[in-house]
Amino acid sequence: MSESTASPDTRSSMAADHTVVRLQGVTKRIGKRTIIDHLTLDVPTGEVFGFLGPNGAGKTTTIRMMVGLMKLTEGEIIIRGHNIRTEYEQAIRHVGAIVENPEMYKYLTGYQNLLHFARMIPGISRQRIDEVVELVGLKARIHDKVKTYSLGMRQRLGVAQAIMHKPSLLILDEPTNGLDPAGIRELRDYLRQLARQEGITVFVSSHLLSEMELMCDRVAIIQNGRLIDVRPIQQASNETATSKVYFEVDRPDAAMKLLSDMEVVREGNLFSLQADREQVAALNARLVAAQIKVYGIRVQTKSLEDQFLEMTGGERIV
Amino acid sequence: MFDFWQLVNNENMKIYRRPRTWIMLGILLVLTLGISILFFSFNTDNTLTMWMPFEVCATVAILLITIFTVVISAESVAGEFTSGTIKLLLIRPWSRSKILLSKYLALIMFALFFMILLFAWNFLVNLIIFGYEGDVRMGQDMAPLQYYTLMHLFELISLIVVVTLSFLISTVFRSGGLAIGLSLFLLLGGNMITGLLAFLDYGWIKYLLFLNLSLSQYLGNGGPMIEGMSLGFSLSVLAGHYVVFIAITWYLFNKRDVAS
């Protein structure tokens, strides 16, 4: 037993500079059901790391194990070189988290709630609490009881308690649940800012693919408790990548004939082909030179959703 | 171990920042005052000493304190599960055992605080209304103040055992309403059922928790409810129950997953 725990420990201290969390063969079985099946994952420092999967894939279970709310059946979770199982107090010190909804003590004020959690971690001054309150924009209402808060305000209070002790890892479980579009946008910008400016690694779970695409540097995709893929999110300014491009023209037949040297697919008034940015411009010039009217050009970027559907074999995502 | 008392502070905040705690205290103070005034208004021929109304006030107060403390105790752990705050409470650099201990200590302090406060209140109110009377002997030839101090001490011991039981129920069931209901049912129903059982002639009955909770039976001259019981015996039975309750509570709280 001591040997099996020692090996990931030593390895993680070597990788401590660029790995905040390491999940090593993490397995959770409840009764005969395997909820999480040998999940192995490294979360790099300073990134916004998405944890993506359909409802019931095991996202929340994994997060609960990462923060010690659930015990692991097998495997190890190492946070900043500390094993969550054997050195819980040291490991969790670096973590700020909101697990599911940010539930606070409703009969206390926002400030009393923050004070409550600040008392549990050494070295948080009153100034730091004020600073965080200002940061999340709750200053005007912080001395009101939490039961009078809107969901968005509770979410902000949740973020405040999670970042109060300057964690190196922020774990957020479905943080955009129940937020309105403005709130989602605000949270998204805020998380990116945290990652950029404070160097906090953000581990965020979601079933909303479009969300993840906008927020994350990298996503891990999980289905039925198994890790399917980890991939970086492509930034839009990738110039050499070819994408599917749709042209809308007045005479598609003529255009097809003109471009017979390329692989063109006709779709009604539209035709599509694979091209990069420069090629699109050149194609447009050729069409116009041939007296074909171009009404529209649409570049279809392959969304995460498409990739996800491809990988999971089209299983429905809610 | 950095400042464990901060955790107890937190638990105190969660008890005393709620209006219900002060409503409970208000009820206690007003009710016992009312009882004293009632006694005074019937005391037209001036035959009453302060001890008779004091005893009634103390008995009512102790019963209510027990109920209130059980309510707060039953809600203590289960309430965190019901509200979901347990998830934020546990993900701190503290072991679960210490977090549980801070809750337990805050409850014991609450019970102690209410007991002492009500003892002082009842004493003062009745002293002012009826005047001091030190010339009576109570129970087994004791001065009244000594007798009632002992009575409160015994009741405090029972109260701590009862609170520990409801704390256990709170940890097992994780639902505030259920824990409160079950604890109160056990407290009130348990007394009645064991009271009936006491008439039966089984040797094991005297080992039941509820028969041994009324330690005050050893203060009077009447002797124990069942032959073979003594103060030492009852204290041992209570201690045995106490250890089991504490062991189960801490074991379960440490072991079980926090799932939704």
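## A loop tyrosine and its patch

B:Tyr202 sits in the chain B loop that runs between α7 (176-197) and α8 (209-213); helices here are DSSP runs of H or I with at least four residues, strands are E runs of at least two, and both are numbered from the N terminus. This is a predicted model, where local features need pLDDT of at least 70, side-chain atom pairs count only at pLDDT 80 or more, and totals for chains, interfaces and linings use all residues. Residues are numbered from 1 along each chain as its sequence is written, chains are lettered from A in the order in which they are written, and side-chain values use heavy atoms, leaving out hydrogens and water.

With a relative accessible area of 48%, B:Tyr202 is partly exposed (buried is under 20%, exposed over 50%, partly exposed in between, using a 1.4 Å probe and protein chains only). Together with B:Leu200, B:Trp204 and B:Tyr207, B:Tyr202 makes a nonpolar surface patch of about 470 Å². Patch members have over 30% relative accessible area and no salt bridge, with nonpolar side chains joined within 5 Å and like charges within 9 Å; a salt bridge is a Lys or Arg side-chain nitrogen within 4 Å of an Asp or Glu carboxyl oxygen.

## A buried lysine

Over in chain A, A:Lys28 belongs to strand β1 (residues 19-30) and is buried at 5% relative accessible area. A polar atom of the A:Lys28 side chain lies 2.8 Å from the backbone oxygen of A:Lys71. The contacts of A:Lys28 (heavy atoms within 4.5 Å) include A:Met65, A:Thr73 and, in chain B, B:Asp257.

## Its threonine neighbour

A:Thr61, in helix α2 (residues 59-66), also counts as buried, at 14% relative accessibility. Leaving aside residues up to four places away in sequence, A:Thr61 touches A:Lys28, A:Ile35, A:Ile36 and A:Met70.

Definitions and conventions: Accessible areas come from the Shrake-Rupley method with a 1.4 Å probe; for residues, only the protein chains shown count as cover. A polar contact is a pair of N or O atoms within 3.5 Å; within protein, one must be able to donate a hydrogen and the other to accept it, and residues adjacent in sequence count only if both atoms are side-chain atoms.
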